[in-house]
Amino acid sequence: MPAVSRAFQIPTPTGNVAIVLHEPSLTEDNLGLKTWASSYLLAKRLHSIDLTEVDPECQRIVLELGSGTGLVGIAAAAVWGVHVHLTDLPEIVPNLASNVQTNKDLTRKSGGIATTGVLDWSNTAKIPSDDGCYQIILAADPLYSPEHPELLVQTIDRYLVRTAKARVIVELPLRRAYAPEIADFKQRMCDLDLEILDQGEESGYDDWGGGENGGPKEVRCWWAIFGCRRPGGVFLLMSSSAWCSPY
Ligand SMILES: C[S@@+](CC[C@H](N)C(=O)[O-])C[C@H]1O[C@@H](n2cnc3c(N)ncnc32)[C@H](O)[C@@H]1O
């Protein structure tokens, strides 16, 4: 895939906005340099997620993990008019930060702010001021290796505030090869006392071929909204297995 800049139409409460993203040419493992089907689907879904329940006193409201080119996080800032912190690996963040800058006026118009930073899920070093301070965590297409479920869920555990208003919102492509990672992710979320409040499936497109006649490839995706089963409560390991099912 060569480098490209393109605009994504995203619905907001006041009409569609066009988020312009630069995608450098794809190199080896740097999957975050492209915008994937599930992130476009999730970005378009955000306006239907009611944030009136969000605690206005929480200063850092939204954290995005594995932001890639930034579509979901920038859309969240524009749709919800809140502060969204977009994060990824060090090699992905320069392009991410540049995309946030490109769309700065658009997010500002809605009263939102988007910031960027490095957040490597495998870095378990504690930053006390950041612990448990986000009310909403977003992630699109974050699981494509056997270690990802554990790394992602341990990061969610660390950054998510445990209140009735806490939410983890994910959208994942249902690639057959990664079915074990998705099942593992669901189980680990359940083990953290996070339950699925709403979920569904929808289809999108990865648009660099692989489909019929070299056209865009249809990708079936699963989205889910998790909340705390027992906000602020004590987690009882013994009894959790009774309600934890990966399906
Ligand atoms: C398939 S891409 C999805 C990017 C974007 N969310 C999207 O859907 O377009 C997966 C993203 O997870 C990031 N990622 C993978 N391992 C990571 C880790 N250990 N810590 C932080 N981010 C990671 C990658 O750099 C990449 O941006």
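Student: In this predicted model, in which strand is the place of Glu23?
Tutor: The model is a predicted one, and its chain has 7 helices and 9 strands. Among the strands is one that covers residues 15-23, and Glu23 has its place there, in strand β2.

Student: Is Glu23 buried or exposed?
Tutor: A residue counts as buried when its relative accessible area is under 20%. For Glu23 the relative accessibility is 0%, so this residue counts as buried.

Student: Which side chains make polar contacts with the side chain of Glu23?
Tutor: Leaving aside neighbours within four places in sequence, Glu23 is in contact with several residues, including Pro2, Val4, Phe8, Leu33 and Thr69. As for polar contacts between side chains, one of 3.1 Å joins Glu23 to Arg6, and another, of 2.6 Å, joins Glu23 to Thr35.

Student: How many of the residues of helix α1 are buried?
Tutor: Helix α1 runs over residues 37-45 and is mostly covered. Its buried residues are Ala37, Ser38, Ser39, Leu41, Leu42, Ala43 and Arg45, and what covers them includes the strands β1, β6, β7, β8 and β9 together with helix α2. The count of buried residues in α1 is therefore 7 of 9.

Student: How many disulfides does a search of the whole structure find?
Tutor: A disulfide is a covalent bond between the sulfur atoms of two cysteines. Cys221 is buried, with a relative accessible area of 0%, and Cys133 also counts as buried, at 17% relative accessibility. Even so, the number of disulfides that a search of the whole structure finds is 0.

Student: Which part of the ligand lies 3.4 Å from a polar side-chain atom of His148?
Tutor: His148 is one of the buried residues of α5. A polar atom in the side chain of His148 lies 3.4 Å from the ligand, and the ligand atom concerned is a nitrogen.

Student: How much of the accessible area that the ligand has on its own does the protein cover?
Tutor: Around the ligand there are 18 residues, of which Trp36, Gly66, Asp88, Trp121 and Ala140 come nearest. A nitrogen atom of the ligand is 3.1 Å from an N or O atom in the side chain of Asp120, while a backbone N or O atom of Trp121 lies 3.0 Å from a nitrogen atom of the ligand. On its own the ligand has 590 Å² of accessible area, and the share of this that the protein covers is 96%.

Student: In which loop does Asp141, with its positive phi, lie?
Tutor: Most residues other than glycine have a negative phi. Asp141 is not a glycine, yet its phi is positive, at about 55°, and at 12% relative accessibility Asp141 counts as buried. Its place in the chain is the loop between β6 and α5.

Student: What is the phi of Asp193?
Tutor: Asp193 is found in the loop between α6 and β8 and counts as buried, at 7% relative accessibility. Although Asp193 is not a glycine, its phi is positive, at about 75°.

Student: What percentage of the residues in the chain is buried?
Tutor: The accessible surface of the chain comes to about 11,900 Å², and 53% of that surface belongs to carbon and sulfur atoms. Of the 247 residues in the chain, the buried ones make up 49%.

Technical notes
Residues numbered from 1 in each chain as written. Predicted model: local features only at pLDDT ≥ 70, side-chain atom pairs only at ≥ 80, totals over all residues. Heavy atoms only, no water. Helix = DSSP H or I, 4+ residues; strand = E, 2+ residues; numbered from the N terminus. Buried < 20%, exposed > 50% of the residue type's maximum accessible area, 1.4 Å probe, protein only. Areas by Shrake-Rupley, 256 points an atom, 1.4 Å probe, with all protein chains shown as cover. Disulfide = S-S within 2.5 Å. Near = heavy atom within 4 Å. Polar contact = N/O pair within 3.5 Å; in protein donor to acceptor, adjacent residues only side chain to side chain. Contact = heavy atoms within 4.5 Å.
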